[in-house]
Amino acid sequence: YIQTAERHGPRSPLLDVSSGNVSLIDLNPDGDNAGEDLPNAYIHHWLGTVQIPNATVASVEAVLKDYPNYPAIYAPGIKFASGVSSGDGQYHVRLVTEQIQGLLHFAFDMKSQVIYRKMDGDALVESRSYSIRESNSGHAPYTDLLPEGKDHGILWRLNSYWRLRQTGTSVYAECQAISLSRKPLPGTRDLVKSRAGADAAANSKGL
């Protein structure tokens, strides 16, 4: 599924963000996992866009690269962040996250490879997770990380693909997020998808 999505590249044409609100599209509305045999898993694929006024692509990229300050920028969801440059616009990124939704607590230690590059005048930021471990207690900081594949199945993988384009004095920011989770229980798919969509919108607004 990832290979197909990446082969298609950034979506065209640009979405209308003139209202200033986040535009959100479910790119996997019916659970069609591109022919993949995923009997116990589910692919979530969202695209969110927003217009950032009085900004430049360089200033938005600077925020995205400011990993040590993520806990302040994206509070309260991110508790710790680090990014180590390996050259050529590549970073090894670690995020420690925590979400509280009513009585439910979710916490993850996620490691990703992030690449910053240019294509056709746009700035692209591609993040591909290679390790996501869940806290058994759901609270960060923590020392009770569950083995991969032996957790609650809330989040197994997460890739994000940012596209930034200067449009006058604003920046058009578009983010595709593709994640893998356990298949929703019968009767809960719409609830799970609405929650994933809300998270995608919040991530776009976070800029």
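**View 1. Surroundings of serine 135 in the predicted model.** Serine 135 touches Ala107, Tyr142, Asp144 and Leu145, leaving aside residues up to four places away in sequence; contact means heavy atoms within 4.5 Å. The side chain of serine 135 makes a polar contact with that of aspartate 144, at 3.0 Å (a pair of N or O atoms within 3.5 Å, one able to donate a hydrogen and the other to accept it; residues adjacent in sequence count only if both atoms are side-chain atoms). This is a predicted model, in which local features need pLDDT of at least 70 and side-chain atom pairs count only at pLDDT 80 or more. Residues are numbered from 1 along each chain, and side-chain values use heavy atoms, without hydrogens and water.

**View 2. Position and burial of serine 135.** Serine 135 lies in the loop between β6 (122-134) and β7 (157-167); strands are DSSP runs of E with at least two residues, and helices are runs of H or I with at least four, numbered from the N terminus. With a relative accessible area of 1%, serine 135 is buried (under 20%, 1.4 Å probe, protein chains only).

**View 3. The open sheet.** Eight strands with antiparallel pairing follow the order β1-β2-β8-β7-β6-β5-β4-β3; pairing requires at least two DSSP bridges between two strands. At the edges are β1 (23-26) and β3 (78-87), each of which pairs on one side only.

**View 4. Strands β5 and β6.** Twelve bridges join β5 (residues 104-119) to β6, and the two run antiparallel. Glutamine 113 stands opposite arginine 128 in β6.

Key
Buried means under 20% relative accessible area, exposed over 50%, partly exposed in between (1.4 Å probe, protein chains only).
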